[in-house]
Structures are given as structure tokens and as C-alpha cells.
Amino acid sequence: VTVRAENATSLSVWWDPPPLVNRRGLLTAYTVYYSTGAVQDTKTVNIADDSRPVHSLLTDLQPFTVYTVRISARTGVGEGNKTEPVFVRTKQAAPSDPPDDVIITNVTTNTFVITWSPPDHPNGIILRHNVRYGSEVASFGNQTEGVVRGLKDDTNYSVQVQACTGAEESPCGPFSPAAYVQTLRRMDGNPSAMETNNG
């Protein structure tokens with residue numbers, strides 16, 4: 001039995017028919033058992049030629065999840081023994097949900113500190129986070145804190161965080177709901193700016 005991850009939600013399974021001496025009649029179908037441990041599913045593969053290698057595609061699987069795959073052959077007499085288990089992990093996908101608990105602190109005239117919690121369903125290994133502020137984006141590694149710099153003073157920013165995995169295609173998940181922050185006003189030290197007209 002050979003199993004290969006095609007993408008984040010499907011596995012290809014190939015196997016050869018059992019030897020003739022091990023059969024109890026004409027092969028009519030195979031049953032593919034696949035599970036993540038807690039949940040087991042089956043797929044029946046009907047065959048017309050019991051002498052050829054067989055291929056089956058398992059779909060609608062969970063991303064970045066280890067599956068156990070076993071095969072059994074069926075004849076008119078009944079179902080035979082299952083093969084030894086094969087373990088394979090589906091490929092990575094983008095996170096299903098955004099980072100959570102976005103908190104902005106230590107606001108200055110041109111910087112702020114932002115922290116967040118990783119997604120509940122990362123669907124892979126988080127490699128980086130993108131922080132979108134206004135029309136700009138800053139990228140951070142897999143940490144859950146960063147300092148955003150180069151901001152304009154006395155300016156409102158909408159801030160969102162996005163997590164990205166090692167998925168081959170479209171690795172980034174959704175952005176978090178917007179958090180809002182206003183940078184501090186810069187004091188330029190010019191006394192005339194502080195004067196009031198007493199008339």
C-alpha cells in the first residue's frame with residue numbers, strides 16, 4: 001500500500017491485488033479505511049479487473065492531519081484481513097481563522113507594540129504574521145508580538161493581523177477584525193505654537 005498527500009484535503013492510495021493463493025473467490029471490491037484516531041471513515045472501491053493495481057483518491061480531509069490508511073479485499077465469501085496501517089499527513093493549508101486577542105500598547109508618535117494569539121485552526125506550521133495598518137503591511141516571523149514603526153503622528157490607524165503557514169498555494173488566512181489606534185501628537189518645541197491670543 002502506497003499513500004501520498006496530493007494537497008491539504010486529499011490523499012492518493014495505490015495498492016496491488018492480493019496474491020491468488022490468498023484469495024477466497026473472485027475479488028469484487030476493496031474497502032479503504034482511513035482515520036485520524038478519533039474518527040474513522042471508509043470508502044468502497046468496486047473493481048472490474050481483479051488483476052490490476054488499484055488507485056483511490058480520498059477527499060474532504062482535514063489539512064495538516066495524520067491519517068491512518070488500511071485496505072481490505074472483498075469477495076463473495078466476505079471481507080478479508082486489513083493491511084498493515086500506513087500513516088501519512090495531509091499537506092498544509094492557510095489558517096481557517098484569524099489571529100485573536102489583538103492588543104495594541106505602548107503607543108508613541110510613530111510606533112506601537114502589538115500582540116496577538118495564534119489562530120485556533122492553523123492548518124499547518126505558522127511561519128509569519130502580517131500586520132496591516134492603514135495601507136501598509138509589516139511582516140513578522142512566527143512570534144506573537146511586534147513593534148510597528150514609521151507611523152505618522154496624531155493619526156488614526158486601523159490594524160489587522162493575518163497568519164501564514166508553509167502551504168504551497170495561498171498560505172495566508174483571513175485578517176483579524178480591525179483594532180483602532182491613534183498615534184500621539186508630536187510636540188515640535190516651538191513656543192509660538194503654544195501661545196494664545198489674549199487680544
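User: Where is T109 placed in the chain?

Analyst: In this predicted model, T109 sits in the loop between β8 (100-105) and β9.

User: Why is T109 called buried?

Analyst: Its relative accessibility is 18%. Buried means under 20%. The value falls under the cut-off, so T109 counts as buried.

User: Which residues does T109 touch, leaving aside its neighbours within four places in sequence?

Analyst: T109 is in contact with L151, K152, D153, T183, L184, R185 and R186. Each of these counts because contact means heavy atoms within 4.5 Å.

User: What makes T68 buried or exposed?

Analyst: T68 lies in strand β6 (residues 66-75). Its relative accessible area is 19%. The limit for buried is under 20%, so T68 is buried. Beyond four places in sequence, T68 touches Y33, Y34, S35, P85, V86 and F87.

User: Why is D120 called exposed?

Analyst: D120 has a relative accessible area of 60%. Exposed means over 50%, so D120 is exposed. D120 is found in the loop between β9 (112-117) and β10 (128-133).

User: How far apart are D120 and P95 in sequence and in space?

Analyst: They are 25 residues apart in sequence. In space, C-alpha to C-alpha, D120 and P95 are 8.4 Å apart.

User: How do you know that C164 and C172 form a disulfide?

Analyst: Their sulfur atoms are 2.0 Å apart. The cut-off is within 2.5 Å, so the pair counts as a disulfide. A disulfide is a covalent bond between the sulfur atoms of two cysteines. A search of the whole structure finds 1 disulfide.

User: What makes the disulfide of C164 and C172 right-handed or left-handed?

Analyst: The torsion about the S-S bond of C164 and C172 is about 100°, so the disulfide is right-handed.

User: Are C164 and C172 buried or partly exposed, and why?

Analyst: C164 has 0% relative accessibility. Buried means under 20%, so C164 is buried. C172 has a relative accessible area of 25%.

User: What is known about the largest pocket?

Analyst: The largest pocket has a volume of about 410 Å³. It is lined by 22 residues, and the closest to its centre are P18, N22, A73, G80 and N81. The elements giving two or more residues to this lining are β3 (27-35) and β6. Strand β6 gives the most, with 5 residues. By class, the lining of the largest pocket has 9 nonpolar, 7 polar and 6 charged residues.

User: Which residues line the second largest pocket?

Analyst: The second largest pocket is lined by E6, N7, A8, K91, Q92, A93, G166, A167, E168 and E169. Its volume is about 150 Å³.

User: Why does the lining of the second largest pocket count 4 charged residues?

Analyst: Asp, Glu, Lys and Arg count as charged. E6, K91, E168 and E169 are in the lining, so they make up the 4 charged residues. The lining also has 3 nonpolar and 3 polar residues.

User: How many helices and strands does the protein chain have?

Analyst: The protein chain has 0 helices and 14 strands.

User: What makes the protein chain more spread out than a compact globule?

Analyst: Its radius of gyration is 28 Å. The globule rule gives 16 Å for 199 residues. The value is well over that, so the protein chain is more spread out than a compact globule. Its C-alpha atoms fill a box of roughly 110 × 25 × 20 Å along the principal axes.

Notes
Residues numbered from 1 in each chain as written. Predicted model: local features only at pLDDT ≥ 70, side-chain atom pairs only at ≥ 80, totals over all residues. Heavy atoms only, no water. Helix = DSSP H or I, 4+ residues; strand = E, 2+ residues; numbered from the N terminus. Buried < 20%, exposed > 50% of the residue type's maximum accessible area, 1.4 Å probe, protein only. 1 Å grid on protein atoms, 1.4 Å probe; cavity = no way out; pocket = protein on both sides within 12 Å on 5 of 7 lines; lining within 4 Å. Points joined across faces, edges and corners; volume = space filled by probe spheres on them. Rg over C-alpha atoms; globule rule 2.2 N^0.38 Å.
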